Amino acid sequence: MAGATSLAAAANLAGKSSVRVVVIGDPGTGKSSLIVALATEQFPENVPRVMPPTRLPADYFPDRVPITIIDTSSSPEQKPKLIAECQAADAVVLTYACDRPATLERLSSFWLPELRRLQLKAPVIVVGCKLDLRDEQQVSLEQVMAPIMQSFREIETCIECSALRQIQVPEVFYYAQKAVLHPTAPLFDQELQALKPRCVRALKRIFIICDNDKDGALSDVELNEFQVRCFNAPLQPTEISGVKRVVQEKMPEGVNESGLTLTGFLFLHALFIEKGRLETTWTVLRKFGYDNDIKLRDDLIAMPIKRAPDQTLEMTSEVVDFLRGIFNMFDIDNDGALLPTELEDLFSTAPENPWISDPYKDCAEKNVLGGLSLEGFLSKEILMVAPAEPGSGETPISCVSWEPGLEESLHPVSQAEEADQATKHEKAASCELGQAICRQPNTP
Ligand SMILES: Nc1nc2c(ncn2[C@@H]2O[C@H](COP(=O)(O)OP(=O)(O)OP(=O)(O)O)[C@@H](O)[C@H]2O)c(=O)[nH]1
Ligand SMILES: [Mg+2]
């Protein structure tokens, strides 16, 4: 689905221009031979105990991000160096030898608890080296590793390889790089086998943005636009019907007569992730401005407009119209105020509801039922996008679907102009906390 170029762009967006992989494990398990076999595509008869750092160029793997591989020694005198290298690692390759069961046992008795003790956040790839020496009678990798992976969720992948026979050597480092550039943890709860709430919220926002006609489903045309936007290539009609068929078979409510529903869209992403195609979901998230913590990037939510000391910021009439539309959409009971439950729903596409904490919590008046009027709603909005102090969060404009960019949502107004306009326009809702002023749109 995703081409190499789009993935490279996505990877750069993730803020990783190179990946550092540290290889650790018991003595003699095959660490140094593995690194040499990767770099030279040959099995070395003699290897130094510790190889100097090895760099793979950007074009080695499809993600087009260079990798630096660090060899280590597990001798006691080298322990401080080993710890420092682990702490600097983006990913850890942890080796055992397929012909020495004791080295496999040491993973759970020593290495994995040790990495936890160091409070490392880096993903771990467990690698069984010397596959060529593995006893054919031995149980499968899945059977051996399943209980270990259950206890140590930080293990991203397990793989067996042979440096001697050149079996699955590049794959070890491909998975290590992938675990860094397209990590599972922010997207998927392995324990619950479900998408994480933050990921659901972000995908819901993306779905709403792509659902141009707001009918609650992605039509074939909308699906295609989404595909082109994320992957720079359209889907063939047979591919679209194929995708919908897969969803419908497993989850009938995932598709209706108008197209792919939000349920279906979420199901599809859970399926990609379960099948190890994390790069697909990550590419989508990054195209829509999310960082590795599934937060909208700062440049998308920070206020880009500078204002002079005598200026305040005013929303453009387009954005006020847009916000009024959002207000009405979520004012389910049509009482002209957003109740706390309605606000929760409105913010279900943001990482969390930012208005339940200070300084937004009590900065606008509420009615007796705790409902927020349109004026209060707009005041809070401008306080968020143009705060008196720097620092901002995800606002209804950014978290729902305002896409032109914040700089097109506000314009500076000098105090002289403002005084002039104040006489022309009746309603001006001022914020109690900021100097920001929010007006109703200019009406002739
Ligand atoms: N049959 C076989 N032997 C291997 C393979 N990989 C490494 N070896 C041998 O295993 C021994 C240890 O390999 P190293 O690469 O030095 O292992 P290491 O983990 O770097 O060891 P230390 O540096 O001592 O911690 C050497 O004799 C290698 O030739 C393999 O894939 N198959
Ligand atoms: Mg070595």
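In strand β6, cysteine 158 is the bridge partner of valine 126. The model is a predicted one, in which local features need pLDDT of at least 70, side-chain atom pairs count only at pLDDT 80 or more, and totals for chains, interfaces and linings use all residues. Residues are numbered from 1 along each chain as its sequence is written, and chains are lettered from A and ligands numbered from 1 in the order in which they are written.

**Overall content**

The protein has 17 helices and 17 strands; these are DSSP runs numbered from the N terminus, helices being H or I of at least four residues and strands E of at least two. Of its 444 residues, 39% are buried. A residue counts as buried if 20 or more other C-beta atoms lie within 10 Å of its own, as exposed if 12 or fewer do, and as partly exposed in between, with C-beta atoms placed from the backbone. Among contacts between residues at least 6 apart in sequence, 68% join residues at least 24 apart. Two residues are in contact if their C-beta atoms, placed from the backbone, lie within 7 Å.

Two strands pair if DSSP finds at least two bridges between them.

β5 is mostly covered, with 6 of its 6 residues buried. Val124, Val126 and Gly128 lie on one side and Ile125, Val127 and Cys129 on the other, and both faces are covered.

These strands are part of an open sheet of 6 strands with mixed pairing and the order β2-β3-β1-β4-β5-β6. β2 (54-56) and β6 are the edge strands, each with a single partner strand, so one side of each has no neighbour in the sheet. From one strand to the next the twist averages 25°; axes are lines fitted to C-alpha atoms, for helices over the stretch in contact, and angles run from 0 to 180 degrees between N-to-C directions.

Helix α5 (residues 141-151) packs on this sheet and touches β5 and β6, its direction making about 160° with that of β6. Helix α6 also packs on the sheet, touching β1 (19-25), β2, β3 (67-70), β4 (91-97), β5 and β6, and its direction makes about 170° with that of β6.

α6 (residues 169-181) packs against α2 at an angle of about 100°, with the axes 9 Å apart. The two helices are therefore roughly perpendicular, a term that covers angles of 65 to 115 degrees. Leu34, Ala37 and Leu38 of α2 meet Val169, Pro170, Val172 and Phe173 of α6. The residues of this contact are 7 nonpolar, no polar and no charged.

α2 (residues 31-40) also gives the most to the shell around ligand 1, with 3 residues. That shell holds 18 residues, the closest being Gly30, Lys31, Ser32, Ser33 and Leu164; a residue is near a molecule if its C-beta atom, placed from the backbone, lies within 6 Å of it. By class the shell has 6 nonpolar, 8 polar and 4 charged residues. Ala, Val, Leu, Ile, Met, Phe, Trp, Tyr, Cys and Pro count as nonpolar, Asp, Glu, Lys and Arg as charged, and the others, Gly among them, as polar.

**The three-stranded sheet**

A further open sheet has 3 strands in the order β9-β11-β10, with antiparallel pairing. β9 (217-218) and β10 (255-256) stand at its edges with a single partner strand each, so one side of each is without a neighbour in the sheet. β9 and β11 (residues 259-261) run antiparallel and are joined by 2 bridges. Leucine 260 in β11 is the bridge partner of leucine 218. α8 packs on the sheet, touching β9 and β11, and its direction makes about 70° with that of β11.

Most residues other than glycine have a negative phi.

| Residue | Phi | Loop | C-beta atoms within 10 Å |
|---|---|---|---|
| Glutamine 166 | about 55° | between β6 (155-160) and α6 | 14, partly exposed |

Methods: Angles under 35 degrees count as roughly parallel, over 145 as roughly antiparallel, 65 to 115 as roughly perpendicular and the rest as oblique.
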